[in-house]
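Take a look at the model below. The report that follows walks through its parts in short steps.

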Amino acid sequence: MEFGSNVTVVEPCNLYECKIGDSSFIGPFVEIQSKVVVGNHCRVQSHTFICSNVTLGNYCFIGHGVTFTNDLFRKGSPSAEENDWLPTIIENNVSIGSGVTLLPVKIIEGCVIGAGSVVTKNLKIKGIYAGNPAKLIRKL
Amino acid sequence: MEFGSNVTVVEPCNLYECKIGDSSFIGPFVEIQSKVVVGNHCRVQSHTFICSNVTLGNYCFIGHGVTFTNDLFRKGSPSAEENDWLPTIIENNVSIGSGVTLLPVKIIEGCVIGAGSVVTKNLKIKGIYAGNPAKLIRKL
Amino acid sequence: MEFGSNVTVVEPCNLYECKIGDSSFIGPFVEIQSKVVVGNHCRVQSHTFICSNVTLGNYCFIGHGVTFTNDLFRKGSPSAEENDWLPTIIENNVSIGSGVTLLPVKIIEGCVIGAGSVVTKNLKIKGIYAGNPAKLIRKL
C-alpha cells in the first residue's frame, strides 16, 4: 500500500495493495482491492467497494454503499483471468451518489451521479446522471 | 449518544452522536451519523447507512443495505456546509425493504417500500411503493 | 455452523447457523443468517447479506453488496412468524453481479444477473438478466 500525507482511514476497513492520495478520507466498512488508485482530496464513504483496476482522479466524492465492477461475465460467468478484468476511470471532481453501482466505465471530469443509479456506459458529457440505467438529466 | 432502555447493537457497528429509542435493534456493519433519531421498537438491519438529519418514528423497519442521503449535490458536488443538508422524516410504522436508496424525503405513516427501490420524492399516500424511481403500487 | 473443507472466511464477517460447502470463499463485511446453505466452490463477495432460507448450489458467484430477502411484507409490515418467510433457491453455476437485490425467487442453473439489478420473479430460462426489475437480455 502507498499512502499520501494526511490520509484518514476509519476502521473497520479492508485495504489491499492500493494507492491513496494526499488528504483523502476512507470511511468504515470499505473494501479497496489491489491495483486501485485513489487521487488526492477524495472521500470514499462507508460501505463502498472498489475493485481492482479502478482509478479515481482528485477531488472525487464516492458516496456510501457504492459498488464498482470490473468483470462483465462475458463468458457467462466470472473470469478467473486478470487480463479479462476491465478498467474504470473516474476523472477529477466527479461526485458519485450513495447506493450507486458502476459497470467498468470512464466518467469525464465534473460529472454528478444521482443516488441509487446504475452506470452502464461511459459518460462523455459533463452533467448530472440518474436512473437504472443512468441517463443524462442535465448538462453542467 | 443517547440510548433508551433495551437497545440491542450487534458489533461491528459505527454509531456517532445519535439517539436510539427504547427496545430498538441495530444490526452489524451499520453506520449511523450524528443528528439521527431512531424511535422506539425500530429495527435497523445489517449494512445500512443512516446519515445526519434522518428521523425515524416508532415501529419502523429498515432492511439490510438501506442507504439514506441528505445532499442533492445542487451545486454540482457535495456541500461542505451543514446548512445545505436536507432532512429525512420517516413516520411511524414504515417498512423499508432491503437494498433501498432514499433521497432526502418525507414518508408518511404505514408506508411499505419494496426491496431495491430508489425513493426520490415525498410519499404522501399510505401504500406500497417499488421501483427506480419508486412508484405507488397499491394503497394500504 | 457446518463448514466443509478448505473454506475461506475473511473477517470481519457475521455468520450464524449456516452451512458452507467445500472450497467456498466468504468475503469481509458479509452477514449470513441461519438456515442458509452455501454449496461447494462458491464465492460470496464483500458486503453481501444472505438471509434465512436461501440455498445456493455449487459454483455460484455472489458479487459484492448483494442483498437477499425472504419477506414480502404481505401484511403491510415485516412478519415476525418464521413460517411466513419465503425460500430462495439458486441453482448451480449462477453468477449474480454486484449490487443486486433479490426478492425470494428461484433461479435456474447457469443464469447471469447483471450488476445493480433487482430480481423480482423466478428466472426459468437460462440467460443473462439485467435491470430493475431484471429482464431477460439474452439466452445462454
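Where does F73(A) lie in chain A? F73(A) sits in the loop between strand 12 (67-68) and strand 13 (88-90) of chain A. Helices (H or I, at least four residues) and strands (E, at least two) are DSSP runs, numbered from the N terminus.

**Ground rules**

This is a predicted model, in which local features need pLDDT of at least 70, side-chain atom pairs count only at pLDDT 80 or more, and totals for chains, interfaces and linings use all residues. Residues are numbered from 1 along each chain as its sequence is written, while chains are lettered from A and ligands numbered from 1 in the order in which they are written.

The pLDDT is the predictor's confidence in each residue, from 0 to 100. Chain A has a mean pLDDT of 96, and 100% of its residues reach 70 or more. The model scores ipTM 0.92 and pTM 0.95.

**Backbone features in loops**

Phi of F73(A) is near 55 degrees, a positive value in a residue other than glycine. F73(A) is buried, because 20 other C-beta atoms lie within 10 Å. A residue counts as buried if 20 or more other C-beta atoms lie within 10 Å of its own, as exposed if 12 or fewer do, and as partly exposed in between; C-beta atoms are placed from the backbone.

K35(A) also has a positive phi, about 60 degrees, although it is not a glycine. K35(A) is in the loop between strand 6 (31-32) and strand 7 (37-38) of chain A. With 18 other C-beta atoms within 10 Å, K35(A) is partly exposed.

In chain B, K35(B) lies in the loop between strand 6 (31-32) and strand 7 (37-38). K35(B) is partly exposed, with 18 other C-beta atoms within 10 Å. Leaving out residues up to four places away in sequence, K35(B) touches S52(B) and N53(B). Contact here means that the C-beta atoms of two residues, placed from the backbone, lie within 7 Å. K35(B) and G65(B) are 30 residues apart in sequence and 20 Å apart in space, C-alpha to C-alpha.

Next come two cis peptide bonds, each with omega near 0 degrees.

| Cis peptide bond | Omega | Loop that holds the proline |
|---|---|---|
| N132(A) to P133(A) | near 0 degrees | between strand 19 (127-130) and strand 20 (135-139) of chain A |
| N132(C) to P133(C) | near 0 degrees | between strand 19 (127-130) and strand 20 (135-139) of chain C |

**A sheet in chain A**

In chain A, 8 strands form an open sheet in the order 2-5-8-11-14-17-19-20, with mixed pairing. Its edge strands are strand 2 (8-9) and strand 20, and each pairs on one side only. Two strands pair if DSSP finds at least two bridges between them. Strand 11 (residues 61-62) and strand 14 (residues 95-96) of chain A pair in the parallel sense over 2 bridges. F61(A) has S95(A) in strand 14 as its bridge partner.

**How the chains meet**

Chain B puts 17 residues in contact with 20 residues of chain A. That side of chain B has 7 nonpolar, 9 polar and 1 charged residues. Ala, Val, Leu, Ile, Met, Phe, Trp, Tyr, Cys and Pro count as nonpolar, Asp, Glu, Lys and Arg as charged, and the others, Gly among them, as polar. Between chain C and chain B, the contact takes 17 residues from chain C and 20 residues from chain B.
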